[in-house]
Amino acid sequence: MPTLEIRTRERAQFVEITAEVQRLVSAAGLTSAAAIVYVPHTTAGVTINENADPDVVHDMLLTLGRLVPKDAPGYRHAEGNSDSHVKASMMGASCHVLIEEGRLVLGTWQGIYLCEFDGPRTRQVYVRFLRDS
Ligand code: ZN
């Protein structure tokens, strides 16, 4: 299965992987298809959002941090990363992207992000293609 290995550098970080996913699409020689981009992790997720203004990612991380603080009364999970688990589920473990004429179909401002919430770590991103029959 096509796999990306992504090294993250911060505890919470969005790493854009659009170009890497497009390389897998190109290597597979796909024309009309779809891609499932999936992370096999419980403290990282994947999402599609703006890649033009880096302040958008900054503001998303800021907002997630406000909504789900690292330390909050009542957390029980002994590993001490309950916020990471919650944020990962908020983003989701996968996203779908359409492929047309060998290219990811993304809006002008859209990029695919691995969302790290308990880094730095090395993360896997699995990509499965669904070909039109
Ligand atoms: Zn944990």
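This is a predicted model: local features need pLDDT of at least 70, side-chain atom pairs count only at pLDDT 80 or more; totals for chains, interfaces and linings use all residues.
Is His-77 buried, exposed or partly exposed? At 36% relative accessibility, His-77 counts as partly exposed.

Glu-79, at 54% relative accessibility, counts as exposed.

For orientation, the ideal angle for four tetrahedral donors is 109.5 degrees.

Now to the charged residues. Side chains of opposite charge can pair when their charged atoms come close. How many salt bridges does the structure hold? There are five.

Please find Arg-11 on your screens. Arg-11 forms a salt bridge with Asp-83, with the closest N and O atoms 3.0 Å apart. This pair links distant parts of the chain: Asp-83 sits in helix H3, residues 82-91, while Arg-11 is in the loop between strand E1 (3-7) and strand E2 (13-16), 72 residues apart. Asp-83 counts as buried because its relative accessibility is 0%. Arg-11, with a relative accessible area of 26%, is partly exposed.

Arg-11 also has a salt bridge with Asp-118, and here the closest N and O atoms are 3.9 Å apart. Asp-118 lies in the loop between strand E7 (110-116) and strand E8 (122-131), and Arg-11 in the loop between E1 and E2, so this pair ties together parts that are 107 residues apart in sequence. Asp-118 has 14% relative accessibility and therefore counts as buried. Stepping back, Arg-11, Asp-83, Lys-87, Asp-118 and Arg-121 are linked in a network of salt bridges.

Another pair to look at is Glu-116 with Arg-123. Their salt bridge has its closest N and O atoms 2.7 Å apart. Are these two residues buried or exposed? Glu-116 counts as buried, at 0% relative accessibility, and Arg-123 counts as buried too, at 2%.

Two packed helices are described by the angle between their axes and the distance between the axes. Helix H2, residues 54-67, packs with H3 at an angle of about 125 degrees, and their axes are 10 Å apart. That angle makes H2 oblique to H3. The crossing of H2 and H3 is right-handed.

I'll end with two details of the backbone. Where is Pro-120 found? Pro-120 is in the loop between E7 and E8. The peptide bond from Gly-119 to Pro-120 is cis, with omega near -5 degrees.

The other detail is Glu-101, in the loop between strand E5 (94-100) and strand E6 (103-104). Glu-101 has a positive phi of about 50 degrees, although it is not a glycine. With a relative accessible area of 71%, Glu-101 is exposed.

How values were computed
Residues are numbered from 1 along each chain as its sequence is written. Side-chain values use heavy atoms; hydrogens and water are left out. Buried means under 20% relative accessible area, exposed over 50%, partly exposed in between (1.4 Å probe, protein chains only). A salt bridge is a side-chain nitrogen of Lys or Arg within 4 Å of a carboxyl oxygen of Asp or Glu. Helices (H or I, at least four residues) and strands (E, at least two) are DSSP runs, numbered from the N terminus. Axes are lines fitted to C-alpha atoms, for helices over the stretch in contact, and angles run from 0 to 180 degrees between N-to-C directions. Angles under 35 degrees count as roughly parallel, over 145 as roughly antiparallel, 65 to 115 as roughly perpendicular and the rest as oblique. A crossing is left-handed if the near helix is turned anticlockwise from the far one by less than a right angle, and right-handed if clockwise.
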